[in-house]
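Student: Can you walk me through this one? I'd like the fold first, then the contacts.

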Amino acid sequence: MITEVADKPQRASNLALAAVGNLVSQAEAAEEAKKRAEEVTRLARQAQAMEAMADLKKMIGRLFSEIEASSESVKREKLAV
């Protein structure tokens with residue numbers, strides 16, 4: 001039965017409909033691929049921003065630690081004099 005359908009010539013309207021369906025399918029696939037690529041890019045940028053914020057917090061922590069250490073040593077020096 002399936003071979004009978006497959007062996008019959010296709011109508012031009014059916015071929016046109018299949019071609020349009022194929023084009024729509026390709027356009028949808030391209031749009032989905034574009035959305036996935038944009039999401040991957042967004043997530044990568046978000047990860048970079050989070051990493052940069054973590055690095056900045058570490059630098060600020062080290063800076064204040066150095067300031068506190070320096071300040072305490074200055075206080076000790078003044079008391080010793």
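Tutor: We'll take the chain as a whole, then salt bridges, then the surface. Keep in mind that this is a predicted model.

Student: What does the secondary structure of the protein chain come to?

Tutor: Two helices and zero strands. Helix α2 covers residues 12–80.

Student: How much of the chain is buried?

Tutor: Buried residues account for 0% of the 81 residues.

Student: And what's the accessible surface of the protein chain?

Tutor: About 7,700 Å². Carbon and sulfur atoms hold 62% of that.

Student: Switching to charges. How many salt bridges are there?

Tutor: The count is two. One joins Glu 32 and Arg 36, at 3.7 Å from N to O. The other links Arg 42 to Glu 39, where the closest N and O atoms are 2.7 Å apart.

Student: Why does 3.7 Å count for Glu 32 and Arg 36?

Tutor: Because the cut-off is within 4 Å, from a Lys or Arg side-chain nitrogen to an Asp or Glu carboxyl oxygen.

Student: How far apart are Glu 32 and Arg 36 along the helix?

Tutor: They sit four residues apart in helix α2, so about one helical turn separates them.

Student: And where do Arg 42 and Glu 39 lie?

Tutor: Both are in helix α2. Their spacing is three residues, about one turn of the helix.

Student: How accessible are Arg 42 and Glu 39?

Tutor: Arg 42 is partly exposed, at 43% relative accessible area. Glu 39 is partly exposed too, at 34%.

Student: What about Glu 32 in the other pair?

Tutor: Glu 32 is partly exposed, with a relative accessible area of 41%.

Student: New topic. Which residues form the nonpolar patch on the surface?

Tutor: Met 53, Leu 56, Met 59, Ile 60, Leu 63, Phe 64 and Ile 67. Together they have about 670 Å² of accessible area.

Student: Take Ile 60. Where is Ile 60 found?

Tutor: In helix α2. Ile 60 counts as partly exposed, at 39% relative accessibility.

Definitions and conventions: Residues are numbered from 1 along each chain as its sequence is written. This is a predicted model: local features need pLDDT of at least 70, side-chain atom pairs count only at pLDDT 80 or more; totals for chains, interfaces and linings use all residues. Side-chain values use heavy atoms; hydrogens and water are left out. Buried means under 20% relative accessible area, exposed over 50%, partly exposed in between (1.4 Å probe, protein chains only). Patches are made of residues with over 30% relative accessible area and no salt bridge: like charges are joined within 9 Å, nonpolar side chains (Val, Leu, Ile, Met, Phe, Trp, Tyr) within 5 Å. Accessible areas come from the Shrake-Rupley method with a 1.4 Å probe; for residues, only the protein chains shown count as cover.
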